[in-house]
Amino acid sequence: MNVRAVFIDMDGTLLTASNNISHRNMEAIYGLINQGVQVFLATGRHYEVTAPYHKEIGLRTPMICLNGAAIHEAETGRALQMKTVQLNEERFHHLTTENPCNVMIHTANGLYCKETNEEIEYWTKVGQIPPRYIGDLRQANYQDVLKYSVRIGAPRPDLSALFKKEAEVINWNDGFELLAPNVSKWSAIKSLLQTFRISPSEVVAIGDGPNDIEMLRNVGTGVAMRNASEEVKAAADFVTGHHENDGLAEFIETYLHNSYKSYVI
């Protein structure tokens with residue numbers, strides 16, 4: 001199989017739990033780039049906490065951020081594409097205020113959140129930009145929302161289902177996320193494949209989360225991490241090693257590097 005592009009998720013795939021790229025993963029990606037393969041990051045993170053890793057690897061391809069709601073140019077960070085989501089704000093805040101949770105609203109102009117936590121402090125440290133607002137979000141003046149993230153500490157498909165008519169819903173073990181209808185990593189990938197004139201059959205996607213399922217199903221070869229849920233693994237063609245054990249590099253070395261052409265995908 002001729003692979004021309006590889007799309008890589010970040011958390012739980014490229015990165016270790018301590019948010020580092022291992023030497024082996026880095027070398028595996030360099031090997032792909034040296035073969036002329038286009039390597040892209042496709043993440044749920046916002047641009048400011050994606051770009052430092054993109055730069056660390058030395059990628060020059062656009063970044064898919066916020067689960068496909070935004071695509072950013074490599075050199076300047078300029079948004080090439082943004083898909084905003086429209087919710088009934090009063091209803092959203094009523095439902096999320098009734099439930100003990102943190103709410104993070106990613107907008108074209110920055111992050112608004114109900115309260116800060118360790119994750120947001122990490123984002124501020126890496127991205128060098130603090131949230132624009134922390135507090136009662138009913139009092140916040142925000143617009144151009146790209147993603148709503150509701151962190152409850154447990155799955156709440158009963159609550160997220162209330163937004164399915166307005167938004168694309170992604171359920172997580174600790175809550176859910178809301179995007180504009182039909183927005184996903186896969187929708188962003190399709191847009192980039194048109195620009196780069198690459199067929200989906202020539203693409204490998206690697207990920208571990210529910211936000212990766214659609215891209216794993218639709219590219220030529222979908223690869224799930226060992227640490228992924230059974231639902232994510234079922235959507236993939238291959239299951240590779242755990243993200244703490246260089247599972248990303250394991251797949252690339254075995255199936256994608258030219259020296260291993262005896263393997264047939």
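Let's start with a network. Asp9, Lys185 and Asp212 are linked by salt bridges. This is a predicted model, so everything I show is computed from it.

Look at one pair in that network. The side chains of Asp9 and Lys185 meet at 2.9 Å, N to O. Asp9 sits in the loop between strand 1 and helix 1, while Lys185 belongs to helix 7, residues 185-196, so the bridge ties together parts that are 176 residues apart in sequence. Buried or exposed, Asp9 and Lys185? Both are buried.

The count of salt bridges comes to 12. Here are two others. Arg45 and Asp11 meet through their side chains at 2.7 Å, N to O. That pair also links distant parts of the chain: Arg45 is in the loop between strand 2 and helix 3, Asp11 is in helix 1, and they are 34 residues apart. Arg45 is buried, with a relative accessible area of 5%, under the 20% cut-off. Asp11 has 35% and is partly exposed. Then there is Asp136 with Arg138, at 3.1 Å, N to O. Asp136 counts as partly exposed, at 32% relative accessibility.

Next, helix 2, residues 23-34. A quick geometry check. Its 12 residues, at 1.5 Å a residue, should span 16 Å, and the end C-alpha atoms are 16 Å apart, so the two agree. Which residues of helix 2 are buried? Asn25, Met26, Ala28, Ile29, Gly31 and Leu32. What covers the buried residues of helix 2? The cover includes strand 1 (5-8), helix 1 (10-14), strand 2 (38-41), helix 3 (51-57) and helix 10 (247-256). After helix 2 comes Gly36, with a positive phi near 90 degrees.

Six strands make an open sheet with mixed pairing, in the order 8-7-6-9-11-10. Strand 8 (133-134) and strand 10 (168-172) are the edges, each pairing on one side only. Strand 10 runs antiparallel to strand 11, residues 175-179, and five bridges join them. Val169, for one, has Leu178 in strand 11 as its bridge partner.

Helix 4, residues 89-98, packs on this sheet. Helix 4 touches strand 6 (102-107), strand 9 (145-151) and strand 11, and its direction makes about 20 degrees with that of strand 9. Helix 5, residues 118-127, lies across strand 6, strand 7 (110-113) and strand 9. Against strand 6, helix 5 runs at about 30 degrees.

Note on methods. Residues are numbered from 1 along each chain as its sequence is written. This is a predicted model: local features need pLDDT of at least 70, side-chain atom pairs count only at pLDDT 80 or more; totals for chains, interfaces and linings use all residues. Side-chain values use heavy atoms; hydrogens and water are left out. Helices (H or I, at least four residues) and strands (E, at least two) are DSSP runs, numbered from the N terminus. The expected span of a helix is 1.5 Å times one less than its number of residues. Buried means under 20% relative accessible area, exposed over 50%, partly exposed in between (1.4 Å probe, protein chains only). Contact means heavy atoms within 4.5 Å. Two strands pair if DSSP finds at least two bridges between them. Axes are lines fitted to C-alpha atoms, for helices over the stretch in contact, and angles run from 0 to 180 degrees between N-to-C directions. A salt bridge is a side-chain nitrogen of Lys or Arg within 4 Å of a carboxyl oxygen of Asp or Glu.
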